[in-house]
Amino acid sequence: MKTISLTYPLPNELQAKPCAIALGYFDGVHIGHRRVIQKAIDTAKANGWESTVLTFDPHPREVLGQSGYTSYLTPLSDKLEQFEKMGVDTTYVMKFDIGFAAVYPEDFITECMLPLACQHVVVGFDYTFGYRGMGTAHTLQEMSKGRYGLDIISPVNRLGEKVSSTIIREYLHHGNVEQVRHLLGRPYKVRGKVVHGDKRGRTIGFPTANVRVNAPYLIGKNGVYGVRFTVDAKSYYGVMNVGIKPTFELEKKEKSLEVHIFEFSGEIYDKEVEVEFLFYIREEQKFAGVEALIAQIGRDVDAAKQKFASGVL
C-alpha cells in the first residue's frame, strides 16, 4: 500500500490514478468503517481503478480543542496497518489543521477530493466534512453533478447497537474489552516497548514486563486484564495490571501497564511488543500488605488460565 501525506492546498503536480475512494477519519477501523472501506475496494476492483482511502491526522476534534480526543483507538501507524491488511492500494493522509478546518464543503470537493481522480466516493451515513461539519453525505450527493458516483453506507449494528468509535471508547472506559472486540472485529491492541520498572514483581514471585506505549493510545479502565502478549513474533497469554499500584503508595501516579507473562522467561528489555486486551478480571485495588497482594495475583492468574483453557476467546 502506498501512503501519501497531503497538506491543503494540494500540490499541482499530484498525479493520481482513477480510484474509488473511502472518506473518513476511521479511528478504530471498526466493523462499520470496514464496510465503508470494503465497498470502495470492491467498486475499484469491478472497474479497474485503484482503491483509495482519504483520512486525516490528527483528529479534527483534537485540533478544534474538543475534549476527549488526545488519545486514539488506532494511532496513525495502526490505522494504516489495518487499511493495508484490507487490501487498500493507496491511502492519502491529509494534515488536519486550523486552515484546513476552514475549507467550505464545496471547496473540499473541488480542491481536495476531485484532484485525487476519484470516480466513485464511499462514505458512512453520518460522514461530515468542511467548515464546522456543514457538509454531509447528502451534500456529496447534491454536488456530484455526474462527476463521481456515490455510495452512502447505512449504520452497522452489532448485538443490538450501532457500531461507532464513541461507543467503543465508552466500553474501554468501563473495561468491557470483550464487547470492544465484537465491535472492532478483533481484540483491542496497544504497542510499545518493554522498559525498566521498579522490578518489584520479581521479589513477589510474579515478574512483569513494564510496557511503555509508543503512541497516544486510549488506555481504558484501571484494573487487571487477561491479555495476549506478543514479542519476537511469538505470542503468550498473561495478566496485565493497568493503573497506579496503590498498594505501594508511589509518589508517581502515572498509569502503568505491567504484564505477567505465562510460561515465559527471558530478557526482553527495549523490545517492541504488542498487548491485546482479551477480558477484564477485576478493578485495581489497594491491599493491606504484600501478602494479600500476592494471594490476589495468584487468584487472578488462576482465573485467567481457566478462561484461556475454556477456549471461548
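What is the volume of the largest pocket? About 1100 Å³. The search runs on a 1 Å grid over the protein atoms alone; a pocket is an open set of points with protein on both sides within 12 Å along at least five of seven lines, and lining residues have an atom within 4 Å of a point. A volume is the space filled by probe spheres set on the points, which are joined across faces, edges and corners.

The model is predicted: local features need pLDDT of at least 70, side-chain atom pairs count only at pLDDT 80 or more, and totals for chains, interfaces and linings use all residues. Residues are numbered from 1 along each chain as its sequence is written, and side-chain values use heavy atoms, with hydrogens and water left out.

Stay with the largest pocket. It has 42 lining residues, of which Tyr-25, Arg-61, Asp-126, Tyr-127 and Thr-128 are the closest to its centre. The elements giving two or more residues to this lining are α1 (31-47), α2 (60-63), α4 (98-101), β6 (128-129) and α7 (165-173). Helices (H or I, at least four residues) and strands (E, at least two) are DSSP runs, numbered from the N terminus. The lining holds 23 nonpolar, 14 polar and five charged residues. Here Ala, Val, Leu, Ile, Met, Phe, Trp, Tyr, Cys and Pro count as nonpolar, Asp, Glu, Lys and Arg as charged, and the others, Gly among them, as polar.

Now the sheet. Six strands form an open sheet in the order β1-β4-β3-β2-β5-β8, with parallel pairing. Strands pair if DSSP finds at least two bridges between them. β1 (2-6) and β8 (149-153) each have a single partner strand, so one side of each lacks a neighbour in the sheet. From one strand to the next, the twist averages 20°. β3 (residues 50-57) and β4 (residues 90-95) pair over six bridges. Thr-52 stands opposite Thr-90 in β4.

α1 touches β2 (19-23), β3, β5 (118-124) and β8, and its direction makes about 175° with that of β2. Contact means heavy atoms within 4.5 Å. Axes are lines fitted to C-alpha atoms, for helices over the stretch in contact, and angles run from 0 to 180 degrees between N-to-C directions. α3 (residues 76-86) lies across β1, β3 and β4, at about 165° to β3.

A cavity is a set of points where a 1.4 Å probe fits but cannot get out. The structure has two cavities of 30 Å³ or more. α3 gives the most to its lining, with three residues.
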